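Here's a quick look at a pocket, a helix and a surface patch. Have the structure open as you read.

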Amino acid sequence: MQKSSESIYTLQFALVCLSSFLFSASFNMLIPELPAYLTAMGGAHYKGLIIALFTLTAGFSRPFSGKLTDTIGRVPVMAVGSMVCFVCGFLYPVLTTVAGFLLLRLVHGFSTGFKPTATAAYVADLVPVHRWGEAMGVHGVCFSTGLAIGPAIGSLITDHFSIDVLFYSSSLFALMSIVILANMKETLPDQQKFKFSLLKISRKDIIEWRVIPATVIIFMSYISYGAILTVISDWSGHLGTSNKGLFFMVFTITSLLIRFVAGKASDQYGRIVILKISLALLAVAMLWVGFAASSFSLMAASALYGIATGMLSPTATAWTVDLSDPEHRGKAMATMYIALEAGIGFGALLAGWLFISDISMIPVIFYCCSGVTLLALLYLQYGYKVKKLV
């Protein structure tokens with residue numbers, strides 16, 4: 001699609017950013033409260049599945065969302081993702097058994113399987129090629145602001161009202177995201193009408209092989225995020241932090257601040273350079289989280305983690321777009337998010353398996369995350385170079 005303007009700051013870009021903010025707040029406001037909610041139902045041993053099941057269906061749905069993004073359009077696929085969040089918020093108070101809750105987490109995962117895939121393709125359609133990194137950074141600011149505000153709002157609502165009110169609030173945020181999508185113009189030139197045959201997925205629809213180098217980095221770096229989502233509430237409480245969402249707020253604020261310059265820097269200095277710096281910082285941050293002995297130390301580690309992820313996320317996304325074929329941009333974004341969710345899911349399962357309510361195991365979890373991040377850095381330094389020479 002021809003870009004009509006060199007500026008990224010258009011009405012359509014603003015709308016997609018606002019929709020992403022509301023969407024991310026919708027599902028992330030639940031995260032700090034779900035471990036205690038599941039424990040109260042008698043499902044303490046299934047804490048690792050809170051995130052793992054969510055990411056499982058998100059990853060499973062990616063080939064479908066990628067294909068539909070490249071056929072029926074970006075906006076309809078984004079709308080499906082927000083609609084799933086809207087419906088799930090009303091179902092949590094109804095499905096009050098452990099089995100029902102875990103089933104709903106599977107269904108809820110479809111939301112992130114659809115909306116971010118189409119959104120990334122939509123953003124890439126809107127902006128000039130040489131400003132992809134900057135655009136991904138600015139969009140990431142909005143998405144991450146939702147991630148940051150969501151947990152804090154979620155804990156506040158639960159403390160002052162009830163967990164059921166929290167679930168309904170999640171639905172309200174998703175509904176507002178859908179309303180915004182209704183005012184967005186489609187960017188796919190040759191849009192097709194939906195037909196059920198489009199849901200037939202072949203092997204060639206699953207992976208965009210051009211973007212594998214980027215997905216390797218994304219998978220390994222997001223293992224740490226899966227671990228954080230699973231055990232950081234318990235670790236924060238152990239170190240004396242009363243608000244379970246504070247860790248998320250601190251790391252997202254620093255992530256927001258660095259995103260304003262990180263994406264632009266990757267446009268100027270190259271993706272690989274920025275990725276190497278971010279991976280090194282991420283490895284240090286994970287060690288720091290594990291070694292933290294006070295709430296202040298943990299929040300400082302959270303700030304460094306935010307800087308690392310704020311540099312890594314827009315750069316890795318822009319690199320994925322760089323490597324992709326424009327005609328299969330939806331599939332490329334889907335491949336990237338499959339790797340992202342696989343990393344989060346693996347990290348969540350690993351953390352849940354090692355933790356099982358033994359607080360002394362949490363540092364070990366983060367030491368392992370640091371080691372995996374260093375392996376990603378080694379791949380970028382040596383493995384990727386070898387791959388390019390073959």
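Predicted model: local features only at pLDDT ≥ 70, side-chain atom pairs only at ≥ 80, totals over all residues.

Numbering starts from 1 along each chain as its sequence is written, and side-chain values use heavy atoms, with hydrogens and water left out.

Let's start with the largest pocket, which has a volume of about 410 Å³. Its lining has 20 residues, and Asp70, Pro326, Glu327, His328 and Arg329 are the ones nearest the centre. Helices H3 and H13 each supply at least two lining residues, with the largest share, three residues, coming from H3. Here's the lining by class:

| Class | Residues in the lining |
|---|---|
| Nonpolar | five residues |
| Polar | four residues |

Next up is helix H8, residues 212–221, which is mostly covered: seven of its ten residues are buried (under 20% relative accessible area). Those are Pro213, Ala214, Thr215, Ile217, Ile218, Met220 and Ser221.

Met83, Val87, Leu91, Val94 and Leu95 make a nonpolar surface patch of about 380 Å². Patch residues have over 30% relative accessible area and no salt bridge, and nonpolar side chains are joined within 5 Å; a salt bridge is a side-chain nitrogen of Lys or Arg within 4 Å of a carboxyl oxygen of Asp or Glu. Met83 sits in helix H4, residues 74–91. Why does Met83 count as partly exposed? Because its relative accessibility is 39%, and partly exposed means between the 20% limit for buried and the 50% limit for exposed.

Definitions and conventions
Patch = residues over 30% accessible without salt bridge, like charges linked within 9 Å, V, L, I, M, F, W, Y side chains within 5 Å. Areas by Shrake-Rupley, 256 points an atom, 1.4 Å probe, with all protein chains shown as cover. Helix = DSSP H or I, 4+ residues; strand = E, 2+ residues; numbered from the N terminus. Buried < 20%, exposed > 50% of the residue type's maximum accessible area, 1.4 Å probe, protein only. 1 Å grid on protein atoms, 1.4 Å probe; cavity = no way out; pocket = protein on both sides within 12 Å on 5 of 7 lines; lining within 4 Å. Points joined across faces, edges and corners; volume = space filled by probe spheres on them. Nonpolar A, V, L, I, M, F, W, Y, C, P; charged D, E, K, R; others polar.
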